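Colleague: I've got a few minutes before the group meeting. Could you walk me through this model?

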Amino acid sequence: MANLKIKLVKSLIGRNDKHILTANSLGLHKIGNETVQPDNPQTRGKLAKIGYLVKVTEE
């Protein structure tokens with residue numbers, strides 16, 4: 001199964017609380033943080049919610 005490399009590129013300051021919690025659940029707390037997550041429906045759903053804050057590449 002493929003993995004997704006996710007990088008936070010925009011600030012979480014002033015964002016919707018649920019979007020901040022979603023980013024935190026992926027391990028993203030500060031601009032520039034990167035994480036590798038499995039490519040599954042749960043991760044895709046989170047990315048659909050906060051896609052405007054992150055940059056995603058496939059590994």
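Colleague: Leaving out residues up to four places away in sequence, what does Leu 12 touch?
Modeller: Bear in mind that this is a predicted model. Leu 12 is one of the residues in the largest nonpolar core. Beyond four places in sequence, the residues Leu 12 touches are Ile 20, Ala 23, Asn 24, Leu 28, His 29 and Leu 53.

Colleague: And which element gives the most to that core?
Modeller: The core has 11 residues, including Leu 4, Ile 6, Leu 8, Leu 47 and Ile 50. At least two residues each come from strand S1 (3-8) and helix H2 (41-50). The top contributor, with three residues, is S1.

Colleague: Now the sheet: which strands stand at the edges?
Modeller: It's an open sheet of three strands, ordered S2-S1-S3, with antiparallel pairing. An edge strand here has a single partner, so one side of it is left without a neighbour in the sheet. That goes for S2 (34-38) and S3 (54-58).

Colleague: What does the twist average from one strand to the next?
Modeller: Take the strands in their order, S2-S1-S3. Going from one to the next, the average twist is 25 degrees.

Colleague: What angle does the direction of H2 make with that of S1?
Modeller: H2 packs on the sheet and touches S1, S2 and S3. Relative to the direction of S1, that of H2 makes an angle of about 25 degrees.

Colleague: Is Thr 22 buried or exposed?
Modeller: Thr 22 sits in helix H1 (residues 17-25). Setting aside residues up to four places away in sequence, its contacts are Lys 46, Lys 49 and Ile 50. The cut-off for burial is under 20% relative accessible area. Thr 22 comes in at 11%, so it counts as buried.

Colleague: What about Glu 58, buried or exposed?
Modeller: Glu 58 is in strand S3. Beyond four places in sequence, Glu 58 is in contact with Asn 3, Leu 4 and Arg 44. Exposed means over 50% relative accessible area. Glu 58 has 58%, so the call is exposed.

Colleague: How far apart in space are Glu 58 and Lys 5?
Modeller: In sequence, Glu 58 and Lys 5 are 53 residues apart. In space, C-alpha to C-alpha, the separation is 6.0 Å.

Definitions and conventions. Residues numbered from 1 in each chain as written. Predicted model: local features only at pLDDT ≥ 70, side-chain atom pairs only at ≥ 80, totals over all residues. Heavy atoms only, no water. Core = buried A, V, L, I, M, F, W, Y, C linked by side-chain atoms within 4.5 Å. Buried < 20%, exposed > 50% of the residue type's maximum accessible area, 1.4 Å probe, protein only. Helix = DSSP H or I, 4+ residues; strand = E, 2+ residues; numbered from the N terminus. Contact = heavy atoms within 4.5 Å. Pairing = 2+ DSSP bridges. Axes fitted to C-alpha atoms, helices over the stretch in contact; angles between N-to-C directions.
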